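I opened this notebook to keep track of what I looked up, entry by entry. The structure comes first, and my notes follow.

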Amino acid sequence: MAVVNRDPLTAPHRARNDAFLAVGVAVLAVVFALLLDDGLPPGPPGWALLAGAHVPLVWRRSRPLLVLLVVAACVTAYHALDYNHAVPIPATLVALYTVAATGTVRRSLLTAVVVLGPTLVINTFTNPDGALELLRISGWVITVLFVGVDARFYRQYVASIVERAERAERTREEEARRRVVEERLRIARDLHDLLAHSITLIGVRTSVAAHVLTADPDRLDRRAVAQALDDIAETCRTARGELRTTLEVLRADETSVSVGGEREWADEPGSGPSSGSGLGSPDGRGPLPGLDGLGALAEAARVAGAEVELSVHADGVPPSVGAAAYRIVQEALTNAIRHGGREDLTVRVGLRAAGGTLRVTVTDDGAGQGVSGAVRYGVGHGRGGVGGAPGFGLVGMRERARSVGGTLDAGPGPAEGFEVTAQLPLPREEPS
């Protein structure tokens with residue numbers, strides 16, 4: 001089947017295989033000459049013409065038309081001498097088949113006309129009463145050409161199947177690589193949101209403790225220092241639980257990731273958002289939080305010294321959209337606390353579901369007037385524009401919005417500070 005399916009024009013060892021074929025056909029011709037009686041026994045001219053008809057078969061695939069012309073010329077002269085007419089038939093059939101199997105249908109039809117025309121004319125003059133012989137000759141020529149064309153179509157069909165299978169395999173490999181890249185980005189976003197928020201809170205409380213220790217060493221406010229250290233310890237415990245939950249989710253092969261980048265268990269019954277400022281419960285168990293976790297985020301920001309006004313008017317938000325909104329608010333609060341630049345910072349967080357869209361707005365009155373989103377969120381200019389390492393806050397928030405088919409804009413607020421606005425589409429409910 002491998003030989004049959006292989007393209008004769010690109011098959012390896014063509015000349016060698018065709019040489020063996022030519023020898024085999026010549027041996028068959030000798031057997032016909034010895035066993036069959038269909039004319040005069042071939043004499044020296046006949047054997048010479050037979051050799052001239054068989055030798056060109058070595059190049060039948062590289063020059064099929066030329067080989068057919070040479071074979072036809074030798075065979076025509078052979079038949080004109082009225083030698084055994086059955087002897088050159090195998091060589092003639094091989095040449096005809098090669099032309100049909102390696103060319104187009106049009107060429108095969110033209111070949112049939114060119115071969116049958118002179119053959120029938122010669123047979124009419126040499127054997128005018130042999131109508132049955134004319135039919136037999138025509139039938140063999142047409143049958144061989146038809147078999148050659150059919151073999152060519154079959155090879156093309158097999159080649160198309162192989163090509164589609166290879167293309168499907170490449171597509172699967174590309175899809176696997178794409179999913180790996182998307183999974184890396186999702187892991188990077190999760191870890192960035194998790195650690196950036198917690199480290200920012202730890203940094204703020206550490207600054208408070210340091211300020212208390214250095215402001216008036218003679219009158220040390222031990223209660224304030226203890227409260228700051230307790231807040232740091234609580235934030236560390238929460239961050240550790242969040243990190244543990246993230247790693248457990250990533251290791252859960254059966255329920256970790258779907259094609260769209262969201263966790264499959266996000267839509268399962270009973271897997272709604274949990275409370276708390278992190279990914280889940282403090283013991284490191286539980287799914288991603290959603291809108292119910294915004295209160296804990298606001299409380300954590302208040303502990304860090306910001307005044308947070310939270311307004312949520314959204315019911316029945318899918319877990320995937322709720323998780324995206326939670327992460328956007330978390331990153332916006334983190335950057336507001338980090339780059340607000342004032343002690344009495346006020347951050348207004350609003351979520352409203354209307355018209356099939358969840359609108360998320362986070363506005364602060366900090367040092368945002370005239371500051372671009374690239375500088376405020378550390379994209380290419382360092383955090384806060386102070387020459388730090390470039391960050392991915394704005395990029396991460398936009399990726400969060402795009403993961404659920406939404407959009408996000410960030411820039412200076414209408415009056416002062418900075419504003420982040422996200423539009424997250426809500427799936428329409430199917431009518432019952």
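Entry 1, terms. I call a residue buried when its relative accessible area is under 20%, exposed when that area is over 50%, and partly exposed in between. I also note that this is a predicted model.

I counted 12 helices and five strands in the protein chain. The chain has 432 residues, and buried residues make up 40% of them. I looked up the accessible surface of the protein chain and found about 23,500 Å², with 61% of that belonging to carbon and sulfur atoms. Among contacts with a separation of 6 or more, 65% are between residues 24 or more positions apart.

How many aromatic pairs does the structure hold? I found one aromatic pair. Its rings belong to Tyr 78 and Tyr 83, with centres 5.4 Å apart and planes at 40°, so I wrote the pair down as tilted. The angle decides this, because planes under 30 degrees apart count as stacked and those over 60 as edge-to-face. Is Tyr 78 buried or exposed? Tyr 78 has 0% relative accessibility, so it counts as buried. Tyr 83 has 11% and also counts as buried.

Asp 82 lies in the loop between α4 (64–80) and α5 (89–102). I checked its backbone and found a positive phi of about 60°, although Asp 82 is not a glycine. I made a note of this because most residues other than glycine have a negative phi. Asp 82 has a relative accessible area of 39%, so I filed it as partly exposed.

I searched for disulfides and found zero. I then looked up the cover of two cysteines. Cys 74 has 15% relative accessibility and counts as buried. Cys 236, at 38%, is partly exposed.

I began with strand β1 (residues 307–313), which pairs with strand β2 (residues 346–354) in the parallel sense over seven bridges. In this pairing, Glu 307 stands opposite Thr 346 of β2. On to strand β3 (residues 357–364): β2 and β3 pair in the antiparallel sense, over eight bridges. I noted two facing pairs here: Val 349 is opposite Val 362 in β3, and Arg 352 is opposite Arg 359 in β3. β2 and β3 form a hairpin, and two residues lie between the strands. Gly 355 sits in that turn, with a positive phi of about 65°.

β3 also pairs with strand β5 (residues 418–425), and I counted eight bridges between these antiparallel strands. Leu 358 stands opposite Leu 424 in β5. How many of the eight residues of β3 are buried? Six are, and I recorded the strand as mostly covered.

Asp 365 has its place in the loop between β3 and α11 (373–376). I looked up its cover: at 12% relative accessibility, Asp 365 counts as buried. What lies 2.9 Å from a polar atom of the Asp 365 side chain? I found the backbone nitrogen of Thr 346 there. Thr 346 is the residue I had already noted opposite Glu 307.

Ala 325 is found in helix α10 (residues 319–339). At 0% relative accessibility, Ala 325 counts as buried. Which residues does Ala 325 touch, leaving out those up to four places away in sequence? I listed Leu 291, Leu 351, Leu 358, Val 360 and Leu 424. I took the distance to one of these: Ala 325 and Val 360 are 7.0 Å apart in space, C-alpha to C-alpha, and 35 residues apart in sequence. Leu 358 and Leu 424, both touched by Ala 325, are the two I had noted as standing opposite each other.

Arg 327 also lies in helix α10. With a relative accessible area of 2%, Arg 327 is buried. I looked for a partner of its side chain and found a polar contact with the side chain of Gln 330, at 2.7 Å.

Key: Residues are numbered from 1 along each chain as its sequence is written. This is a predicted model: local features need pLDDT of at least 70, side-chain atom pairs count only at pLDDT 80 or more; totals for chains, interfaces and linings use all residues. Side-chain values use heavy atoms; hydrogens and water are left out. A disulfide is a pair of cysteine sulfur atoms within 2.5 Å. Buried means under 20% relative accessible area, exposed over 50%, partly exposed in between (1.4 Å probe, protein chains only). Rings of Phe, Tyr and Trp (its six-membered ring) pair if their centres lie within 6.5 Å; planes under 30 degrees apart count as stacked, over 60 as edge-to-face and the rest as tilted. Helices (H or I, at least four residues) and strands (E, at least two) are DSSP runs, numbered from the N terminus. Contact means heavy atoms within 4.5 Å. Accessible areas come from the Shrake-Rupley method with a 1.4 Å probe; for residues, only the protein chains shown count as cover. Two strands pair if DSSP finds at least two bridges between them. A polar contact is a pair of N or O atoms within 3.5 Å; within protein, one must be able to donate a hydrogen and the other to accept it, and residues adjacent in sequence count only if both atoms are side-chain atoms.
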